Every structure is written in C-alpha cells, then in structure tokens.
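Good morning, everyone. Please have the sequence and the model open while I talk.

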Amino acid sequence: MFKLRDLYALGVSLGVHLALLVGLYVFKLTVIDNLTQLDLETVFETEREQIEFTKELELNTEVAQTFNTVPGGVVTGDIGASTSPVVTPQKVERSEMLQQPAVPVSLSEVTLPSENILGKDFGESQITGEVGAAVEGYGAALSRITQELARMMRSERLLVVWLFDESGSMKDDQKEIAANFHKVYEELGILSSKDEQFKDKRKRGEELVLTEVLSFGEKVHQHTPGPTADIEIIKSSIGKIPEDATGIENTCQTILASVEQYGGLARRQDRRLVMIIVSDESGDDVDNADVLETTIQKLKTARVPTYFLGRESMFGYPYARIRWIDPKFNLSHWLQVRRGPETPQVECLQWDGLHARWDTQNAGFGPYAQVRMARETGGIFFILPGEEEDLVNAGAFEKRKYEFLDMKEYQPVLAARREYIQERDRTEFRKTVFDVITRLNPHLHSELSIKEIWYPLELGAFTADASAQVGKAAFAMSLLDQAIPLLDKIRPLRDTEASQRWRANYDLAYAQLVGFRVRLFQFLLAMDDHVARNPKPQKPESNAWNVGRQQKMLIPDEAQFQRLKSAFKLKMTREEFLAELEVREKEARNLLLDVVREHPNTPWAGRAQWELNQGFGMNFHEAFRNPNYDQPVQLPNL
C-alpha cells in the first residue's frame, strides 16, 4: 500500500538526483569551454606531402655579439635539434597498427613540451636540412653559418672545408665573401670568449675550429697550407682562387675527394667535418644519378653536414645566360651556364615557340642536386640575391620573392632520380606531360631552333635563309598538332591528379602550346609579307632584319590570303579565316590567363604572364649587326 512517507522519500531522491545532474551538466560545459582544442591528423597515408619551410634572412654586415643556436636541420648524429643525447628514432609510419595505450590518458590538462623535450623525445635524426634560406647577401648567410658552427662546437671540435667554384662568373662573389669572411671567425671568437664551456677548452689549448680553403673546376686546388686557425691565412687564401678555363664544375667529384682526404684527418683529431660550397652553378656532374647518390651516401656515412651558398634555380630549365663583354671589340656575348632545374628532371617546356628558352625566370628553389645534398646531410641551401646585372633579360632583375604560403603546394620532389622517374611514369598524366616536353625539346631536336635575328638585307639572300626557317616552322607546327591532342586526351585526369605542381605543369604547357601554334602561324605570315613587300631599311646603319614579337597580330590582305589558301589548301573564305584566327588568339590568351588565376604568385603564373606580355604577333624590323661579331673571339667557359 502506497504511503505518504514513501512519496516524500521519492521526492527527496528525485530532487537530489536532479541537482546532481544539473551540476554535472554545468561542469561539463565548463570543461568543454576551457578544454584546449586539439587537431589530430593521421600520418597513415599512402603518400605524404613534402612540406619544407623556406626562411628569409635579413642583410646584416655587423659582427654579432649574441647568438641563437637553433639548428637549421640535421640528419644523423647530433648535428641538430638540441645538444641532448640522441635516442633511437622510431617512425610512426612503420607501425602496422595503433597500439592501445599502456596507461590511461587524461585530456584535462594539455601542455606542449619544450624544444629540449622534443629533441629528447623524437631524436635528432628525424630532422632534415633546409631546402632554402633566402638571404639578402653573403653577410646574412655567413652569420647563419656562424650559428650553425657554434651549435656543433658545443659538442665537437670542427674541421671546416670551404669549396669555391672557380668559374669566371664567381669573381665578384669571391670579392664579396672576402669582405664579409671575417664575420664567421670573429663571431666565433666572441662566442668562445663568453661561453664558459668554450673557455675551458681554450685553456686546454684546444682549437675549436680548423679551416681549409679549396677551389674547384675541372680539378681541385688547395689554398691553405693545411687546416689552420689563422684568420689572416684563411682570408688571404680566397684571393688565390684561379679562374678555371675549362668551364667544367665537377661538384660531386670534388666533394667526394674532399671527404676522402679530410674525413680521416677529422676522425683522427676527433673533429666533425663540415663542408661549405660556394657556387653559382648546379655543377656538370650532378646529372649522373649514380655519382650524385654516391656523394650523398658518402656524406651521410661520414656525418658531414653540407652547406651551399648558391643561386636560385631557373624555373624548369637547366640553363641561364650570362653576358660576357669581349675586351677587344667591347661586344656583348650571352654565354650559357648551368643553373637548374629545381627538379630531378625538367617539368616545363624547354622551347619558347621558336627556339630554346632565352628567358631568365627564377624557380623559387635552388638547383635540385645541391638542395638534395644539403637536405639529406642536414645542411642548408642559402639562396643568394638574384639581381645579377649580367644575367640575360628582365627576369634577372625580378626582385619579387615567391612566398612560402604561395609555394607550399608546389614543392619540388627531392627524391633520388630513379625513385622520381618511377613515381612519375607510374601515372599516365605525369608521364604524358613529360613525353610532350621531350618531344618539343630543342636541345634534343635541332629542327626546333628557328632563327629570329640577323636575316640578310638583300632579298635573294633573305629568301634563301628564310626558306630553311619556314621549313623548320612547318615541322614545328606538325609536332604541335601531335602534342596538343595528347594533352587533350589526359585532360580528364587533371582534376584527379594529387600534385598541385603537376597540375600547374599541365596547365602551363597546354596554354603555351596553343599560343605557340598562333605564334608560328604569325611567323609564316611575317615571312610571306616581308618577301612580298621587300621593304627597304630606313636607317643608313641598318644591315640586318630581325623578326620580333608584338601584341598586334598580322592580318593578311586579300592577296596574301590567296597565297596562303593555295599553299595550305584552305577551304574557307578570308572572312572565315580571320574569324578563326581571332578565335585561336583569344583561346591562347584565355588559357594563359587561367594559369595566372589558378596558380597566383608562382613561377607558373609568372611564365604565363611573360608569354602574354610577349604577344603572339610577329613582324620584321631593321637592325644593326656589328661586323666585328664575325671576327674570331675566344669565348670564356663559365
């Protein structure tokens, strides 16, 4: 029988439980509001994107009194993140399954470990070198190198080997380095005089850093009598660097020989060997994959961090052109030097629609082989300023730098070449893009080198010269008619391509090929128009014709159209032909504009804008060619 006291007890119980529930709910809201938000990402992916940070170092020519010894990056041993003992690294990716935690995990307090703890927990061998530190000059780069040496000096004495490129283009750089060289050793001297750990070693008569200065071209030359701590000897040795007449830079062979020669000496003296390479070129032996990988493995085995002071790579192109002035006639000659590419193999067209590229466009990254060596050995590639007054055309004076946030999705692959090629050829999309680049490579096919300057004035000689170039243009157009459908075929694969870099490669190549077809047709129109009109130069000094690029398109008159109709067996009226010409030009411009919009603030957008600025029209104009260009001149090998 239900009693009143039971109702009272039930009411009390319900009240107590309700109060508890309300309290728990309020507590839950408080905890949630105050709980640190965590973003958890899985690392169990079939392919990890390579994300590297590019640092920008400010120009500084003053000797520093204080030092920051945060590492640039390391690979093995204790080159890196801290001076803590190295622990055995374990990669999460190697685990086949997630294990249940052995202890309960509480998220009530979430704190981030310090840098020292991170160094102890993960081990230093998980950190690789930097793919690029953009600097405003040698002063800033040398200051950063000071920090790197100081960091390593805390645990080991050092043997530093400087390797200077002997090419003629490096003379100004060597003078600038000599002027700033004192920074490294004076700052190290200040540090060792202030740091108690270094003071004790000084009292025992230990030289913390010994230095050797070498230079290289085809061969290696030594400029210090041996490893020395004498700053004056070190500084004066830079002035002894010769200019190599062969123009050959055996970068890998020089590094291998230096490790062989000084690696044993460093071990016997209980020192860490460090290499610093100063060169404005990518090297002549780095294209050999076996030589490059052997060099990297040798450096890693000997625990030799490698630092490069070099130039930015040319965008998707192995070469740059540097002006050399003939001292006898004071004439400019444009000499080819190796300055790239930034990838294991080229990923952009090597052709500009008439001949091999003459442009100088920066890639935002250093040359592949040098950057790979620095990264794999725990060093740094320093990207020196690109304002080189003797570098060809406006691209040489481009002061804008590609920002990391804009370029992070476009990082070049720094894997070994064999791995890169296997991965690239595994997909139809990437393989087809590379095949098109190879088909249209003027360095492999001489028929793709169409003359643009210095046609003779006399009509008969002009016609003979022009007929050969018209044949090349017709051949090039036939290759375009084959290449464009290949890219059309893989267009459906474009949106499923995982790499933003390869999507950009495709977009730019397709837009360029469509534009090149218009430009080549304009070249044929310009040739026909010039022969038909046979104009006379207006300036008395003119002695040649150059065919130039322009925004304005040539529009054939009725007479020229009839000649074209007969030559190309056209089955359309002049009005239909002009409408088709307008459609093709508009298509080319829109495709290039799409590249600018789709890949803003990147070299792809820069190259597309360059093509737009060039225009697709062609026209002949008179020019003067100095007859002294026909005189024999011994060109240097840079």
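The chain has 638 residues, and 47% of them count as buried. It has 19 helices and 12 strands.

How far can we trust it? The average pLDDT of the chain is 80, and 73% of the residues score at least 70. Two stretches need care. Over residues 24–61 the pLDDT is below 50, though the model gives this stretch 58 contacts beyond near neighbours in sequence. Residues 67–127 also stay under 50, and there the model has 100 contacts beyond four places in sequence. Where pLDDT is low, predicted coordinates should not be read in detail.

On to the cores. In soluble globular proteins, nonpolar side chains tend to be buried together. The largest nonpolar core here has 67 residues. Which of them touch the most other members? They are L440, L513, L520, F523 and W604. Several elements give two or more residues to this core, including α13 (428–439), α14 (459–489), α16 (500–533), α19 (603–614) and strand β12 (617–623). The largest share comes from α16, with 18 residues.

Look at L440 up close. Leave aside its neighbours within four places in sequence. L440 then contacts L349, W351, L448, L479, L480, A483 and L513. There is also a second, separate core, with 32 residues. Y138, L149, M153 and I177 are among them.

Back to α16, this time with α19. Their axes come within 10 Å and cross at roughly 10°. That is under 35 degrees, so α16 and α19 are roughly parallel to each other. Who meets whom? From α16 come R501, A504, N505, L508, Q512, F516 and R519. From α19 come W604, R607, A608, E611 and Q614. By class, this contact has 5 nonpolar, 3 polar and 4 charged residues. W604, remember, was also on the list of residues that touch the most other core members.

Next, the backbone. Most residues other than glycine have a negative phi, and most peptide bonds are trans. Here are some exceptions. The peptide bond from G340 to P341 is cis, with omega near 0°. P341 sits in the loop between β9 (332–338) and α10 (368–377).

N330 has a positive phi, near 60°. You will find N330 in the loop between β8 (319–325) and β9. Buried or exposed? N330 counts as exposed, because its relative accessibility is 59%.

W454 also has a positive phi, near 65°. W454 lies in the loop between α13 and α14. With a relative accessible area of 29%, W454 is partly exposed.

Last stop: V337, in strand β9. V337 has a relative accessible area of 2%, so it is buried. What does V337 contact, beyond four places in sequence? E281, P318, Y319, A320, I322 and L638. Now find S167. V337 and S167 are 170 residues apart in sequence. In space, their C-alpha atoms are 9.8 Å apart.

That is my tour. Questions, please.

Notes. Residues numbered from 1 in each chain as written. Heavy atoms only, no water. Core = buried A, V, L, I, M, F, W, Y, C linked by side-chain atoms within 4.5 Å. Buried < 20%, exposed > 50% of the residue type's maximum accessible area, 1.4 Å probe, protein only. Helix = DSSP H or I, 4+ residues; strand = E, 2+ residues; numbered from the N terminus. Contact = heavy atoms within 4.5 Å. pLDDT = per-residue confidence, 0-100. Axes fitted to C-alpha atoms, helices over the stretch in contact; angles between N-to-C directions. Parallel < 35°, antiparallel > 145°, perpendicular 65-115°, else oblique. Nonpolar A, V, L, I, M, F, W, Y, C, P; charged D, E, K, R; others polar.
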